[in-house]
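Subject: A structure for you, with notes

Hi there,

Here is the structure I promised to pass on. Please open it beside this message while you read.

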Amino acid sequence: MITYDPEKHQDQEQTRERLPEIVKLIQEKKESLQEIRPSFQNKLFSFVNRGAVGQFKNFGQKFWATEKCNQCRICERICPRTNIEMKDDKPMWQHNCELCLACIQWCPQEAIEYKGISQNRPRYHNAAVKVQELLLK
Ligand code: SF4
Ligand code: SF4
């Protein structure tokens with residue numbers, strides 16, 4: 001959601017229709033041609049990703065919490081890298097981010113922003129997943 005509008009790009013119906021096929025592929029530990037097909041877009045994303053991944057750790061430093069934060073600690077508990085610590089009743093991002101965006105997408109108050117580019121942009125998470133299923137602690 002930082003770089004594009006998820007509501008515009010997410011075809012949830014199409015994804016839902018493919019779910020049984022995707023689950024079967026995962027269970028059988030197979031690769032899907034559709035997902036691995038070399039395309040210009042895939043190659044470009046892989047290239048950019050390889051170069052960027054080393055930089056992600058410090059990207060977390062650019063998140064910040066607004067006054068809407070009610071100290072529920074969901075961001076702290078959902079982060080897969082335990083990169084968020086509550087200090088003085090505010091979440092503080094450390095140096096171990098993988099830019100998964102779980103914190104910003106799942107904050108129930110929409111109190112998390114990223115630099116100056118996330119304000120007024122829609123948040124997205126899968127409506128079929130409950131936040132409790134993702135909390136680490
Ligand atoms: S999830 Fe949102 S409201 Fe809860 S502590 Fe984190 S920033 Fe604050
Ligand atoms: S939840 Fe994801 S984006 Fe947020 S701090 Fe943790 S690793 Fe980074």
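First, some housekeeping. The model is predicted, so to speak of a local feature I need pLDDT of at least 70, and side-chain atom pairs count only at pLDDT 80 or more, while totals for chains, interfaces and linings use all residues. Residues are numbered from 1 along each chain as its sequence is written, with chains lettered from A and ligands numbered from 1 in the order in which they are written.

**Overall fold**

The protein has seven helices and four strands, taken as DSSP runs numbered from the N terminus (helices are H or I, at least four residues; strands are E, at least two). Starting at the N terminus, the order of elements is α-α-α-α-α-β-α-β-β-α-β. Of the 137 residues, 12% are buried. Here buried means 20 or more other C-beta atoms within 10 Å of the residue's own, exposed means 12 or fewer, and partly exposed lies in between, with C-beta atoms placed from the backbone. Taking contacts between residues at least 6 apart in sequence, 64% link residues at least 24 apart; a contact is a pair of C-beta atoms, placed from the backbone, within 7 Å.

**The core**

The largest nonpolar core contains 13 residues, and Phe63, Cys75, Ile84, Cys103, Ile104, Cys107 and Ile112 have the most contacts inside it. Such a core is a set of buried Ala, Val, Leu, Ile, Met, Phe, Trp, Tyr and Cys residues joined through C-beta atoms within 7 Å. At least two of its residues come from each of β1 (63–65), α6 (74–78) and α7 (102–106), and α7 gives the largest share, three residues. Ile104 is worth a look: setting aside neighbours within four places in sequence, Ile104 touches Phe63, Ile112, Tyr114, Ser118 and Arg123.

**The ligands**

Around ligand 1 there are 13 residues, with Cys69, Cys72, Ile74, Cys75 and Cys107 the closest. A residue counts as near when its C-beta atom, placed from the backbone, lies within 6 Å. This shell has nine nonpolar residues, three polar and one charged. In these classes, Ala, Val, Leu, Ile, Met, Phe, Trp, Tyr, Cys and Pro are nonpolar, Asp, Glu, Lys and Arg are charged, and the others, Gly among them, are polar.

Ligand 2 has 14 residues around it, and Cys79, Cys97, Cys100, Ala102 and Cys103 come nearest. By class, that shell holds ten nonpolar, two polar and two charged residues.

Strands β2 (residues 84–87) and β3 (residues 90–93) run antiparallel and are joined by four bridges, where pairing requires at least two DSSP bridges. Ile84 has Trp93 as its bridge partner in β3. The two strands form a hairpin with two residues between them. Asp88, in that loop, has a positive phi of about 50 degrees although it is not a glycine. Asp88 is exposed, as 5 other C-beta atoms lie within 10 Å. Asp89, also in the loop between β2 and β3, is exposed with 10 other C-beta atoms within 10 Å. Asp89 and Arg73 are 16 residues apart in sequence, and their C-alpha atoms are 9.2 Å apart.

Asn120 also has a positive phi without being a glycine, near 65 degrees. Asn120 sits in the segment after β4 (112–114) and is exposed, with 5 other C-beta atoms within 10 Å.

Happy browsing!

Conventions
Two residues are in contact if their C-beta atoms, placed from the backbone, lie within 7 Å.
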